[in-house]
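Please consult the sequence and the structure while reading.

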Amino acid sequence: MSIAAREVRVELGERSYSILIGDGLLLQTGELAKQVHIPTGSAVLLVTDDHVAAAGHLERTRASLERAGYRVTDMVIRAGESSKNYSEAAKVFDRAFQAGLDRQSVIFALGGGVVGDLAGFVAATYMRGIRFIQLPTTVLAHDSSVGGKVAVNHPQGKNMIGAFHQPKLVVYDTSSLQTLPLREVRSGMAEVIKHGIIWDVEFFSWFEFHLDDLLALKTDVIGEMLARSCEIKAAVVAKDETEQNLRAILNFGHTLGHAIEALSQYGTYTHGEAVSIGMVYAAELSFALGRCDRITVERIRSLLMRTGLPITIPDNLDAKDLLESMKHDKKAAGGKLAFVLTSGIGHVETVSDVTEKWIVTKLAELRGSQE
Ligand SMILES: NC(=O)c1ccc[n+]([C@@H]2O[C@H](COP(=O)([O-])OP(=O)(O)OC[C@H]3O[C@@H](n4cnc5c(N)ncnc54)[C@H](O)[C@@H]3O)[C@@H](O)[C@H]2O)c1
Ligand SMILES: [Zn+2]
């Protein structure tokens with residue numbers, strides 16, 4: 001029997017599942033799969049990317065699955081967002097057929113959000129949907145391991161082709177983060193900080209206090225951070241699985257964040273970096289509209305800065321272009337621009353009557369001069 005240091009339950013009725021978090025858990029992937037009744041002897045597909053494979057995580061995972069009696073076929077995609085498209089998905093489908101996967105089979109997604117979204121998308125649609133198990137290897141992927149959103153990108157926009165498909169299990173080996181580039185560590189933390197802002201002031205304060213140990217990836221605090229952050233997302237998702245209402249609060253910082261990502265041609269900024277700028281902007285907008293005090297804005301800005309994340313809008317991005325891009329975002333339902341604003345750390349609400357004048361004024365103010 002394996003012992004995970006922490007377990008977070010995502011409660012979704014018959015689609016409920018566990019997120020197991022602990023140091024060295026990838027070495028137990030096979031045993032853990034048996035515990036969720038994946039029959040030994042069956043063919044499984046293990047999808048990863050070339051960075052994760054080069055860091056040694058593929059071999060460790062594969063060995064564990066084989067030891068437990070699974071017949072493993074692997075598939076290594078090229079790392080990066082550009083692999084999250086349907087021609088790559090088609091190759092994964094081909095590989096799944098070659099490997100002999102049937103309706104009872106399982107796909108393992110070993111990697112960050114890109115591998116999780118792509119392999120999850122294939123699992124959601126292969127033979128009308130088969131089980132998948134997530135093995136996240138980035139900090140950001142704690143976010144994608146809760147909620148069941150899987151997708152590929154389309155030239156019309158990110159994540160435009162997708163589904164809701166919950167994993168059967170998530171096995172989160174914190175030791176895999178040791179090989180993750182520091183920039184990716186910091187970026188993933190933007191979503192963790194977001195979870196504090198939208199839901200839990202105590203967690204935000206805890207993060208402020210432990211920041212140095214978190215950035216040093218100390219096992220225990222990192223495990224605690226991922227568990228609490230997953231719990232918060234799970235609490236939001238449990239109340240609103242298919243994003244009708246409450247789940248929109250998860251978009252705190254994302255209205256501007258998505259526009260920055262789109263206008264800077266996906267690549268200049270990581271998702272977390274763009275969201276970091278977006279969160280400072282949302283906080284400033286909240287203050288300007290009299291919804292929160294100055295201390296709230298400064299705590300948010302200061303924590304993001306100490307985490308090593310950007311907090312100002314790059315000079316080459318025009319305020320009007322950003323406004324247009326925000327209007328086109330799929331979240332601007334019916335063309336109406338909505339912002340998630342804070343009334344103090346731990347509390348947010350969706351606001352759809354912010355005037356364009358305020359939006360543009362605040363965009364202009366959040367320039368690099370303050371950095
Ligand atoms: N489904 C959801 O709910 C959800 C939520 C948030 C983000 N996402 C998606 O997640 C994606 C971003 O995820 P990400 O930030 O994890 O990106 P990613 O998967 O591209 O990983 C970031 C980089 O780190 C490398 N890497 C991953 N693990 C590593 C390790 N342990 N050691 C060394 N290198 C490693 C990857 O190869 C890649 O180069 C986006 O496509 C986004 O749309 C989905
Ligand atoms: Zn995000």
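Helix H5 gives the most to the shell around ligand 1, with four residues; helices (H or I, at least four residues) and strands (E, at least two) are DSSP runs numbered from the N terminus. This is a predicted model, in which local features need pLDDT of at least 70, side-chain atom pairs count only at pLDDT 80 or more, and totals for chains, interfaces and linings use all residues. Residues are numbered from 1 along each chain as its sequence is written, while chains are lettered from A and ligands numbered from 1 in the order in which they are written.

In total, 30 residues surround ligand 1, the closest being His51, Ala79, Gly112, Gly113 and Ser144; a residue counts here if its C-beta atom, placed from the backbone, lies within 6 Å of the molecule. Two or more residues each come from helix H2 (50–54), H5, helix H6 (141–144) and strand S8 (157–164).

H5 (residues 113–125) also belongs to a right-handed β-α-β unit with strands S5 and S6: with the strands pointing away from the viewer, the path from the first strand over the helix to the second runs clockwise. S5 (residues 106–111) and S6 run parallel and are joined by six bridges, with Gly111 partnered by Pro136 of S6. Two bridges join S6 to the parallel strand S9 (residues 169–173), where Gln134 stands opposite Val170. Strands pair if DSSP finds at least two bridges between them.

In a regular strand the side chains alternate between the two faces of the sheet. On S6, Arg131, Ile133 and Leu135 on one side and Phe132, Gln134 and Pro136 on the other are all buried, that is, 20 or more other C-beta atoms lie within 10 Å of their own, with C-beta atoms placed from the backbone.

How values were computed: Buried ≥ 20, exposed ≤ 12 C-beta atoms within 10 Å, placed from the backbone.
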